[in-house]
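Work through the following exercises with the sequence and the coordinates at hand. Each task is followed by a worked solution.

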Amino acid sequence: MAYQNIQTIDLAMIRENSPNPTCDIKFTFLDQTTGLTSELPAHKLILAFGSEVFMRQFFGTLPEEKDTIPIEDSSVQVFRIFLEILYNKKISLEALDFQLLADLYYLAEKYHQECLKDSIAKEVSAREIVSGNLLEVAKLAETNSHHEQLSSSLFNICFVFLRGSDQGTILDIFDNEEVGEENSRTLHRLMAGAKRSKPDPSDICKNCQHEPCLDGKELTKCNFVVGASVSHKFLGKRTRKTLKMNNYGVEYTIVEADGSVCNTSAKFSELSYMCT
């Protein structure tokens, strides 16, 4: 999703294309690895209109008099994105990885940007994770436990993944992760949390009976349900209804163009859930 507000002046272009004549504040960033310093110019007034924190900092009873402010709790990349948001530039949160979203959430918290915090949490909640980044997302949730909204969103998508995974997938996760006390503790907490958490009934798909919805996903022995609408990969998109599993794969019923109903079978790999 793109985060933007209602102003129409292209303030971002002004800051990016003509910073020197008009900008009256600079934020500097020291790269601990290379020792190089980066800087981002900005306008105090625009920042103050965008954040009450900046308003107090620049125009409060004890205003900041320096025109250069070192930033030690953010990377230049994340702070640039944050400034672009304050300057009304359309930012696609979908393009940011989980770590960048978490770092951006920290700045939104620091500078009292409630709408941005909500947008980040919604973006996280809308994502689907895979087994390869389950532990990474879980650790990020633990690291950001003091940011309750963000941490909860991160944990929830982990729980959704685990609830929708078969036993083999879960065992593979345990087998592939590096052995260590920290990883073991995190995985244990995930399994316990997934067991305790219950999906919202409104989030369970009425067709595939899963949360998250399996629309477009192949049928398997583990996710099979009776009465679901499915499509055949090679025989067109006519709606088919699952009946039962058999030795061949899945038995399903299909309504022909003349209204007649027939039953036939297909391999699991040939059928996908058709929920929308």
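The exercises below concern a predicted model.

**Exercise 1.** Determine how helix H7 is oriented relative to helix H9, and which residues form their contact.

*Solution.*
Step 1. Helix H7 spans residues 114-125 and helix H9 spans residues 148-163; their axes come within 8 Å and cross at roughly 10°.
Step 2. Angles under 35 degrees count as roughly parallel, so H7 is roughly parallel to H9.
Step 3. On the H7 side, the contact involves Lys-117, Asp-118, Ile-120, Ala-121, Val-124 and Ser-125. These meet Gln-149, Leu-150, Ser-153, Leu-154 and Ile-157 of H9.
Step 4. Sorted by class, the contact of H7 with H9 has 6 nonpolar, 3 polar and 2 charged residues.

**Exercise 2.** Identify the residues that make the nonpolar surface patch and the helices that supply them.

*Solution.*
Step 1. Leu-45, Phe-49, Met-55 and Phe-59 make a nonpolar surface patch of about 420 Å².
Step 2. At least two residues of this patch come from each of helix H3 (44-50) and helix H4 (52-59). Met-55, for example, lies in H4.

**Exercise 3.** Locate the salt bridge between Glu-52 and Arg-56.

*Solution.*
Step 1. The two side chains meet at 3.5 Å, N to O.
Step 2. Both Glu-52 and Arg-56 belong to helix H4, 4 residues apart, or about one turn of the helix.
Step 3. In total, the structure holds 11 salt bridges.

Methods: Residues are numbered from 1 along each chain as its sequence is written. This is a predicted model: local features need pLDDT of at least 70, side-chain atom pairs count only at pLDDT 80 or more; totals for chains, interfaces and linings use all residues. Side-chain values use heavy atoms; hydrogens and water are left out. Axes are lines fitted to C-alpha atoms, for helices over the stretch in contact, and angles run from 0 to 180 degrees between N-to-C directions. Angles under 35 degrees count as roughly parallel, over 145 as roughly antiparallel, 65 to 115 as roughly perpendicular and the rest as oblique. Contact means heavy atoms within 4.5 Å. Ala, Val, Leu, Ile, Met, Phe, Trp, Tyr, Cys and Pro count as nonpolar, Asp, Glu, Lys and Arg as charged, and the others, Gly among them, as polar. Patches are made of residues with over 30% relative accessible area and no salt bridge: like charges are joined within 9 Å, nonpolar side chains (Val, Leu, Ile, Met, Phe, Trp, Tyr) within 5 Å. Accessible areas come from the Shrake-Rupley method with a 1.4 Å probe; for residues, only the protein chains shown count as cover. A salt bridge is a side-chain nitrogen of Lys or Arg within 4 Å of a carboxyl oxygen of Asp or Glu.
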